[in-house]
Amino acid sequence: MEARTFAGIMKVIPTFVSNRADLALCLLMVTVSVAVPAVAQTGSAQLSISMKVQSSITLVFNNSASVGSQGFCPLGNAGSNAATLDLGSASYNGGDSLGCILFSQQGNFYHVDSVFDVLVTKSNTSSSSYQLAAEISSVPPANVQWRLNQILLSTVFTVLQSANNYGQPVSETLDVRVRNDVPAQILQETITFLATAN
C-alpha cells in the first residue's frame with residue numbers, strides 16, 4: 001500500500017511540477033506581452049541636395065529720356081536685349097528723312113547720329129561694376145564707319161566703358177559716317193554689346 005501511495009505521489013508531483021512550469025511560462029508570456037508597449041514602427045532616410053547659385057548680369061536697350069527730340073530716335077522693341085533702330089534715309093545734300101536724327105556734314109562725310117540707353121543689372125554677384133564693349137557683325141562698305149561715342153567699331157569687341165555702375169542707364173551715341181561718294185544702297189548692321197562683370 002505504501003508503494004502505491006508513493007507511486008501516486010510520484011505521479012502527482014510531476015504533474016504539479018509540470019503545472020508550475022506551465023503556469024510560470026504562462027505568466028512569463030503574459031509578462032512579456034504586457035511589457036512590450038504598442039509603439040509605431042519608424043524608419044529614417046536622408047536626401048542630399050545640391051544647388052549652384054549662378055551669378056548673372058542682364059543687358060537691355062532703352063529709349064533715352066529725350067526720345068523724339070533731335071538726336072534721340074525711338075528704338076523698336078525697347079526694354080529688351082534685341083532692339084532695333086531706324087536711321088531713315090540720308091544723303092550728303094538732302095539730310096535725313098527722320099526729324100529725330102541729328103544730321104551734320106564734316107568735310108566729304110555726313111553724319112547720322114542717335115542716342116539710346118543701355119541698362120545693365122546684376123544678381124547673385126559681388127561685382128561692383130562692369131565693362132561694356134561692342135562689335136559690328138560685318139565689315140562695312142568702303143568709306144562707311146559705324147561709331148559709338150566716337151569710338152570706331154570693328155568685327156572684334158572694342159571697349160566703350162571700363163567701369164559702369166549697375167542699374168544706371170548709360171547713354172550711347174551711335175554715329176554712322178558716310179562719305180559723299182558712297183553709292184546709293186541700304187546700310188544695315190548688327191551691333192552686339194557685351195557686358196562683363198569686373
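Here is a quick briefing on the fold, core, pocket, disulfide and a few loop residues of this structure.

This is a predicted model, so treat it as one: local features need pLDDT of at least 70, side-chain atom pairs count only at pLDDT 80 or more, and totals for chains, interfaces and linings use all residues. Residues are numbered from 1 along each chain as its sequence is written, and side-chain values use heavy atoms, with hydrogens and water left out. The protein chain has 1 helix and 13 strands, and the search of the whole structure turns up 1 disulfide.

**Overall fold**

- Reading from the N terminus, the elements go α-β-β-β-β-β-β-β-β-β-β-β-β-β; helices (H or I, at least four residues) and strands (E, at least two) are DSSP runs, numbered from the N terminus.
- The protein chain has 198 residues, and 26% of them count as buried. Buried means under 20% relative accessible area, exposed means over 50%, and partly exposed is in between (1.4 Å probe, protein chains only).
- Take the contacts (heavy atoms within 4.5 Å) between residues at least 6 apart in sequence: 68% of them join residues at least 24 apart.

**Nonpolar core**

- A nonpolar core here is a set of buried Ala, Val, Leu, Ile, Met, Phe, Trp, Tyr and Cys residues joined through side-chain atoms within 4.5 Å.
- The largest one has 29 residues, and those touching the most other members are L59, F116, V118, L132, L148 and F193.
- Two or more residues each come from β1, β7, β8, β9, β12 and β13, with β7 giving the most, at 5 residues.

**Largest pocket**

- The volume is about 950 Å³, taken as the space filled by probe spheres set on grid points that are joined across faces, edges and corners.
- On a 1 Å grid over the protein atoms alone, a pocket is an open set of points with protein on both sides within 12 Å along at least five of seven lines, whereas a cavity is a set where a 1.4 Å probe fits but cannot get out; lining residues have an atom within 4 Å of a point.
- There are 37 lining residues, and L85, L87, W146, L187 and E189 are the closest to the centre.
- β1, β3 (84–85), β4 (90–91), β7, β12 (170–179) and β13 (191–197) each give two or more residues to the lining; the largest share, 4 residues, is from β12.
- By class, the lining splits into 23 nonpolar, 10 polar and 4 charged residues. For that count, Ala, Val, Leu, Ile, Met, Phe, Trp, Tyr, Cys and Pro are nonpolar, Asp, Glu, Lys and Arg are charged, and the others, Gly among them, are polar.

**The disulfide**

- C73 and C100 are joined by a disulfide, S to S 2.1 Å; the cut-off for such a pair of cysteine sulfur atoms is within 2.5 Å.
- The torsion about the S-S bond of C73 and C100 is about 95°, so this disulfide is right-handed.
- C73 sits in the loop between β1 (56–62) and β2 (75–76), and C100 in the loop between β5 (95–96) and β6 (102–106), so the pair ties together parts that are 27 residues apart in sequence.
- Both C73 and C100 are buried.

**Positive phi**

- Most residues other than glycine have a negative phi.
- N124 has a positive phi, near 55°; N124 is in the loop between β7 (109–123) and β8 (130–136) and is exposed, at 54% relative accessible area.
- N143 also has a positive phi, near 65°; N143 is in the loop between β8 and β9 (144–148) and is partly exposed, at 32%.

- S127 lies in the loop between β7 and β8 and counts as buried because its relative accessibility is 5%.
- Not counting residues up to four places away in sequence, S127 touches K122, Y166, A197 and N198.
- S127 and I57 are 70 residues apart in sequence, yet 9.8 Å apart in space, C-alpha to C-alpha.
- F157 lies in the loop between β10 (151–152) and β11 (158–164) and is partly exposed, with a relative accessible area of 38%.
- Neighbours within four places in sequence aside, F157 is in contact with A133, A134, E135, T192, F193 and L194. From F157 to T192 is 35 residues in sequence and 8.5 Å in space, C-alpha to C-alpha.
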